Amino acid sequence: MATHRPNIVPAATPRSGRDHTSWPATVTPTAQCHRASRRRVARWTVAVGAIAFAVVPGAPVARAAEAALESRTQTALALTPDPKSGHARFDRNCARCHGAGGRGDVNPRVPVLAGQRPTYLVRQLATLSDEERESVNMRHAMSAADLHEPQAWADIAAYLGGARLPSHPQTGAGRHLALGEATYRILCASCHHDDAGGDDEGFVPSVRNQNFAYLLSQMERISALHRRGVDENFAALLRSLKPDEASGLADYLSRQHGPTPVR
């Protein structure tokens, strides 16, 4: 469950107010890293400018689908969740693939769901309920009568949001961490925040506590538009990354641990 439609403005100052040239003392990106990441921003900005003037066929149909998704999402979010019921529903329908407590697997296609933002999880479940995601396994799972109703989405999301986090997510080799942090600060922090914890506004997911292999595989799938509903501008941003930048970014994020901030 990992897609969102961010309104990314990579050249802007992140929500935290920190300037892009300010870095934590623990990892100081080199000037080369900084320049390389800014070149990605420049190329991506040009690509976005070209896309903005494109005529998108089928726009009325897409808007209707988006409105229906928004209605399902808001219906679920307005309900009072029952985490205990969510735990039972998750164990019956989801744990076989996503692991006990939603703590995931090193399988590149299986995310860690424990500690994820409940609003984001509700959005993903609402999306899956209408077969908007390409995963055959997820469509099969969502066909269960137990998962058809908005109350089930609210319950499962509440359970997973408070579930125990994995203690040792898989990380990368650590060869490009400085470049990965530089890339994150310039391209990602304005939406996902400096702490990588995401935001309820806009259904921006937390990208903390995830395994390296999953993060890297999802960046590859999104950049190739192999995930339905992905914003093309976001895919263009990921396609602009060089292999070392993508690997460093996934490795850097795989080392960001801890509870998801409330906001």
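Predicted model: local features only at pLDDT ≥ 70, side-chain atom pairs only at ≥ 80, totals over all residues.
Let me begin with a lining: the residues around the second largest cavity divide into two nonpolar, six polar and one charged, where Ala, Val, Leu, Ile, Met, Phe, Trp, Tyr, Cys and Pro count as nonpolar, Asp, Glu, Lys and Arg as charged, and the others, Gly among them, as polar. Residues are numbered from 1 along each chain as its sequence is written, and side-chain values use heavy atoms, with hydrogens and water left out.

Which residues line the second largest cavity? They are V112, A114, G115, Q116, S206, R208, N209, Q210 and T260, a lining residue being one with an atom within 4 Å of a cavity point, and a cavity being a set of points on a 1 Å grid over the protein atoms alone where a 1.4 Å probe fits but cannot get out. The volume of this second largest cavity is about 40 Å³, and a search of the whole structure finds two cavities of 30 Å³ or more.

Now to the helices, which are DSSP runs of H or I with at least four residues, numbered from the N terminus. Helix α10 (residues 212-223) and helix α12 (residues 243-254) have axes that come within 8 Å and cross at roughly 140°, the axes being lines fitted to C-alpha atoms over the stretch in contact, with angles from 0 to 180 degrees between N-to-C directions. That makes α10 oblique to α12, since angles under 35 degrees count as roughly parallel, over 145 as roughly antiparallel, 65 to 115 as roughly perpendicular and the rest as oblique. In this pair, F212, L215, L216 and M219 of α10 meet A246, S247, L249, A250, D251, L253 and S254 of α12, where contact means heavy atoms within 4.5 Å. By class, this contact of α10 with α12 has eight nonpolar, two polar and one charged residues.

What does α10 do with helix α11 (residues 232-239)? The two pack at an angle of about 120°, with their axes 8 Å apart, and that makes α10 oblique to α11. Here M219, I222 and S223 in α10 meet F234, A235, L238 and R239 in α11, a contact that divides into five nonpolar, one polar and one charged.

Finally, helix α3 (residues 83-93) and helix α7 (residues 150-161) pack at about 95°, with axes 7 Å apart, and are therefore roughly perpendicular to each other.

Terms used. 1 Å grid on protein atoms, 1.4 Å probe; cavity = no way out; pocket = protein on both sides within 12 Å on 5 of 7 lines; lining within 4 Å. Points joined across faces, edges and corners; volume = space filled by probe spheres on them.
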